[in-house]
Amino acid sequence: MTDQGRTEDLAQLLARLKSEYDVSDSEIARRIGVAPATVNAWVHRKRGTGRGPNRDKLRALAREFPKFTEAQIFAAAGRESPGPLNPEGEARILELYRGLTEEQQRAKEVEMRALNEMNRTGQ
């Protein structure tokens, strides 16, 4: 957090991560499956200010560097963190889906794909 109470940005979070784990941009990149230049661009705010890193890479940061939560990382990237998988909710949605007509099912699939893409890309 900054002294004004705002969430730190991704560059600030990565600086803390590098300090706490004593890792380089290259090591972060290797562990999350991106090019070192990509991490370097995030650190220097040259990339990631538009669409930002994709959801899978943000999740990989949380997985590889567990001192930082997924919620912290997503917030720093200016993205909403996907909700946890809830088996009961998933079962309710599936039951509702089964009650739709074929045309309604296609419409819901299109809608869900669009929402997923929006979450994946941040747009």
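**Figure 1. Helix H6 gives the most to the lining of the largest pocket, with five residues.** In this predicted model, the largest pocket has a volume of about 510 Å³. Of the 14 residues that line the largest pocket, those closest to its centre are Leu85, Glu90, Ile93, Met112 and Asn116. Helix H6, which covers residues 87-98, and helix H7, which covers residues 102-121, each supply at least two residues of this lining. Sorted by class, the lining is made up of eight nonpolar residues, five polar residues and one charged residue.

Figure 2. Asp25 is found in helix H2, which covers residues 25-32. Asp25 counts as buried because its relative accessible area is 12%, and the cut-off for a buried residue is under 20%. When residues up to four places away in sequence are not counted, Asp25 touches Lys18, Pro36, Val39, Asn40 and Val43. With two of these residues the side chain of Asp25 makes polar contacts, one to the side chain of Lys18 at 2.7 Å and one to the side chain of Asn40 at 3.2 Å.

**Figure 3. The salt bridge between Asp25 and Lys18.** A search of the whole structure finds 12 salt bridges, and one of them joins the side chains of Asp25 and Lys18, with 2.7 Å from N to O. Asp25 is buried at 12% relative accessibility, whereas Lys18, at 25%, counts as partly exposed.

Figure 4. Arg30 is exposed, with a relative accessible area of 58%, while Glu27 is partly exposed, with a relative accessible area of 24%. Arg30 and Glu27 also belong to a network of salt bridges in which they are linked with Arg31 and Glu64.

Figure 5. Glu109 is partly exposed, with a relative accessible area of 35%. Arg113 is classed as exposed because its relative accessible area is 56%, and the cut-off for an exposed residue is over 50%.

Definitions and conventions
Residues are numbered from 1 along each chain as its sequence is written. This is a predicted model: local features need pLDDT of at least 70, side-chain atom pairs count only at pLDDT 80 or more; totals for chains, interfaces and linings use all residues. Side-chain values use heavy atoms; hydrogens and water are left out. On a 1 Å grid over the protein atoms alone, a cavity is a set of points where a 1.4 Å probe fits but cannot get out, and a pocket is an open set with protein on both sides within 12 Å along at least five of seven lines; lining residues have an atom within 4 Å of a point. Grid points are joined across faces, edges and corners, and a volume is the space filled by probe spheres set on the points. Helices (H or I, at least four residues) and strands (E, at least two) are DSSP runs, numbered from the N terminus. Ala, Val, Leu, Ile, Met, Phe, Trp, Tyr, Cys and Pro count as nonpolar, Asp, Glu, Lys and Arg as charged, and the others, Gly among them, as polar. Buried means under 20% relative accessible area, exposed over 50%, partly exposed in between (1.4 Å probe, protein chains only). A polar contact is a pair of N or O atoms within 3.5 Å; within protein, one must be able to donate a hydrogen and the other to accept it, and residues adjacent in sequence count only if both atoms are side-chain atoms. Contact means heavy atoms within 4.5 Å. A salt bridge is a side-chain nitrogen of Lys or Arg within 4 Å of a carboxyl oxygen of Asp or Glu.
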